[in-house]
Amino acid sequence: MIKDGLKLRGDVEIVLKDENGYTVDTRSINNLVVNTGLDYIGSRILDNSTSVMSFMGLGSDNTAATATDTDLGSLVGAREELTTSVYSFTQNEAKITYRATFEAGDATGDLSEAGIFNSSTGGEMLCRTTFDMLTKPANSVLSVTWVISLTVS
């Protein structure tokens, strides 16, 4: 039997910890792989001339994600380099797990969007998600784990 239905799905988990390391907020969100992300995936199948996804950004724009998005609506702070990028494969499913940690003083303020990029500025965006506003105090740490799943049916 030939399987030809490729599906992309993204799941995002956000964990905010206070200055003492206690979890004060946890969110689980779906994301949108944007057109530039689909183009990126296709180009990487052909060759590796495009830089790997290596940064995550947080922003304050809660405008719903659309396929034509190419950047966050309003970046808060700077993009963080990913601390983890892991690929795994099981029967009919490939997963790429990205993780970034925004330490005390990084991306401080009201946050409502996140994205994955292949550059610290500009570059290509793989995916974007929005969520209900989360306020990150200056002394807190925010961890974001983003799992992109590719399945066939």
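This is a predicted model: local features need pLDDT of at least 70, side-chain atom pairs count only at pLDDT 80 or more; totals for chains, interfaces and linings use all residues.
## Overall fold

The protein has one helix and ten strands. Read from the N terminus, the elements follow the order β-β-β-α-β-β-β-β-β-β-β. The C-alpha trace spans about 55 × 30 × 25 Å along its principal axes.

## The sheet built around S1 and S10

Five strands form an open sheet in the order S2-S1-S10-S7-S6. The pairing is antiparallel. Strand S2 (23-30) and strand S6 (84-90) are the edge strands, and each pairs on one side only. On average, neighbouring strands of this sheet are turned by 15 degrees against each other, with direction ignored.

Start with S1 and S2. They run antiparallel and are joined by seven bridges. Val12 has Ile29 in S2 as its bridge partner. The two strands form a hairpin, with five residues between them. In the turn, Gly21 has a positive phi of about 90 degrees.

Next comes S10. Strand S1 (residues 6-17) pairs with S10 in the antiparallel sense over twelve bridges. One point to find in the model is Arg9, whose bridge partner in S10 is Ser149. Strand S10 (residues 141-152) also pairs with strand S7 (residues 93-102), again in the antiparallel sense, over ten bridges. Here Arg99 has Thr145 in S10 as its bridge partner.

## The sheet from S3 to S5

Another open sheet of five strands has the order S3-S9-S8-S4-S5. Its pairing is antiparallel. Strand S3 (32-33) and strand S5 (80-81) stand at the edges. Each has a single partner strand, so one side of each is left without a neighbour in the sheet.

S3 pairs with strand S9 (residues 125-136) in the antiparallel sense. Two bridges make up this pairing. Val33 stands opposite Cys127 in S9.

## The helix

Where does H1 lie? H1 lies across S3 and S9. The helix runs at about 140 degrees to S9. H1 covers residues 35-46, and S3 covers residues 32-33.

## The largest pocket

The largest pocket has a volume of about 390 Å³. It is lined by 15 residues. Those closest to the pocket centre are Tyr40, Ile41, Arg44, Ile96 and Tyr98.

Which elements each supply at least two residues of the lining? They are helix H1 (35-46), S6, S7 and S10. H1 gives the most, with four residues. S6, S7 and S10 are strands of the sheet with the order S2-S1-S10-S7-S6. H1, in turn, lies across S3 and S9, and these two are strands of the sheet with the order S3-S9-S8-S4-S5.

## Points to locate in the model

- The hairpin of S1 and S2, with Gly21 in the turn.
- Val33, opposite Cys127 in S9.
- The residues closest to the centre of the largest pocket, among them Tyr40 and Tyr98.

Notes:
Residues are numbered from 1 along each chain as its sequence is written. Side-chain values use heavy atoms; hydrogens and water are left out. Two strands pair if DSSP finds at least two bridges between them. Axes are lines fitted to C-alpha atoms, for helices over the stretch in contact, and angles run from 0 to 180 degrees between N-to-C directions. On a 1 Å grid over the protein atoms alone, a cavity is a set of points where a 1.4 Å probe fits but cannot get out, and a pocket is an open set with protein on both sides within 12 Å along at least five of seven lines; lining residues have an atom within 4 Å of a point. Grid points are joined across faces, edges and corners, and a volume is the space filled by probe spheres set on the points. Contact means heavy atoms within 4.5 Å.
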